[in-house]
Amino acid sequence: MSVTWLLLPMEAGTSGEGYTSPSVEDFRFEGTFGVDWLNKPLWQAIIAALLVIVLWLLASRRLKVKPSKGQYVGEFIYDFIRNGIARDIIGPEYRRFLPYLLALFSFILINNWFGELFIFMFPTFSNVGYAYGLALTTLVVYIAAGVKKHGRGYLKSALIPAGVPPYLYVLIIPLEFLSKFITQPVTLALRLFANMFAGHLVVLVFVVGGAYLLTYSGNLGYNAAGVISLIFSVAIFALEIFVGALQAYIFTVLSAQYVSASMADDH
Amino acid sequence: MITPNIWVPLELDLGPLAPAHLSEILMGIVLVGLVWLVLAKKVVPAYEKMYAERADAITGGIERAEAAQAKAQEALAEYKAQLAGAREEAASIREDAKNTGAQIIAEMREQATAESNRIIEQSERHINASRQQAMEQLRREVGGLATTLATKIVGESLQDDQRSKATVDRFISELESETESLGQDSWQ
């Protein structure tokens, strides 16, 4: 491990003069090519999308009935989404939503793992806008699924749970509206964002703090603590790899769940 | 950075919850949409096609096995039927042979009887002819013998008298008629 790249997050003019703890500012990036919004997370998102597309196209080339080793890996991930999420949660109509769920899972997974990957070292979804974008897409998908299934009756089926007496409608309808069309997508986005943001912050604390302590002159105790901190950061990285996969899974499962709920006959 | 304004309570500082750029949201949607499109057009159909083929191969295999089993059953039934037919045929052949054998024996017996009858008849006829011939010869010889004897006797006595001559004549005629009637009776 070279110490120089570990110091990268400290680039904000702190050269040698005291410790700056990692903060929100470490999640803001300058634009490239003079365009303000064309920043590092955006490039990461574009690269991740292209990477996902290329990997899936490669994985789906020349599929055999008897799988090779390479195909087996692709099939494992595909089956995981297809059978484990789409078919189990949505049921017989899962086929229509499978491409979206697969795209969602692989796009989020790759972006999350960018947080632990050299060169990038930043989880894209710790910039909240991307999480909002995906949650909005899921919102549109499950509203469309409900409208296609129930037609005009979708609002009624979404807002009035089965078996609720009419005098409770005043209470239930606003609550259901809030839950279905505001809380669900917002929590979906925030869950992903917060996990990635917090995870990256913890990584920064251990790595930046550890590197600072390690290079602190005149105190061997600090340096030893820095070593321990850096070693421990490896465990944090491993945890973040797990959290990244888990959050991708949760986002996909909940999206499937919302689609399933909006297509359900009773409520 | 927006400075918090206490006079406008709705204007919140969301901190990291506010996206730095609107482009983040838009690009998030566009990129996941792009991935979605490619997966829906290329990847998922390819996988589903392969799965369908695989399912087909598996159920096809089961169907083929079932067909083979049915075929084997059919062959077994056919074989059994053939065996039963062969047994029946063998029994009928045996029966036929028995019948034919009996017929042949009966025919042979009949033939043999006819042959023996024919041989008996032929021999009888032969014997009769021989006897007739012998009789005639005998008669001729006896006649001659008698005549010779008679001549001898008569020759001596004829010199004696006329009466003896008449006696011999009478004897001869009697002998002749007797032989005639005897020959006619005994041959019958």
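This briefing walks through a predicted model of a complex containing chains A and B. Local features here need pLDDT of at least 70, side-chain atom pairs count only at pLDDT 80 or more, and totals for chains, interfaces and linings use all residues. Residues are numbered from 1 along each chain as its sequence is written, while chains are lettered from A and ligands numbered from 1 in the order in which they are written.

**Confidence**
- The predictor assigns the complex an ipTM of 0.82 and a pTM of 0.66.
- For chain B, pLDDT (the predictor's confidence in each residue, from 0 to 100) averages 82, and 84% of the residues score at least 70.

**Fold of chain A**
- Chain A has eight helices and zero strands; these are DSSP runs, numbered from the N terminus, with helices being H or I of at least four residues and strands E of at least two.
- Of its 267 residues, 37% count as buried, meaning that 20 or more other C-beta atoms, placed from the backbone, lie within 10 Å of the residue's own.
- Among contacts in chain A with a separation of 6 or more, 66% join residues 24 or more positions apart; a contact needs C-beta atoms, placed from the backbone, within 7 Å.

**Nonpolar cores**
- A nonpolar core is a set of buried Ala, Val, Leu, Ile, Met, Phe, Trp, Tyr and Cys residues joined through C-beta atoms within 7 Å.
- The largest one holds 61 residues, and those touching the most other members are Ala86(A), Leu101(A), Leu104(A), Phe107(A), Ala131(A) and Val35(B).
- Both chains contribute: helices 2, 3, 4, 5, 7 and 8 of chain A and helix 1 (22-157) of chain B each supply at least two residues.
- Helix 4 of chain A gives the largest share, 13 residues.
- Phe107(A) touches Ala48(A), Ala49(A) and Val52(A), as well as Leu31(B), Val32(B) and Val35(B), leaving aside residues up to four places away in sequence.

**Where the chains meet**
- In the interface, 31 residues of chain B are in contact with 33 residues of chain A.
- The chain B side has 22 nonpolar, five polar and four charged residues; Ala, Val, Leu, Ile, Met, Phe, Trp, Tyr, Cys and Pro count as nonpolar, Asp, Glu, Lys and Arg as charged, and the others, Gly among them, as polar.

**A closer look at Ser60(A)**
- Ser60(A) sits in the loop between helix 2 (40-59) and helix 3 (69-90) of chain A.
- Ser60(A) counts as buried because it has 22 C-beta neighbours inside 10 Å.
- Within chain A, its C-alpha atom is 7.8 Å from that of Gly74(A), 14 residues apart along the chain.

Notes:
A residue is buried if 20 or more other C-beta atoms lie within 10 Å of its own, exposed if 12 or fewer, and partly exposed in between; C-beta atoms are placed from the backbone. Two residues are in contact if their C-beta atoms, placed from the backbone, lie within 7 Å.
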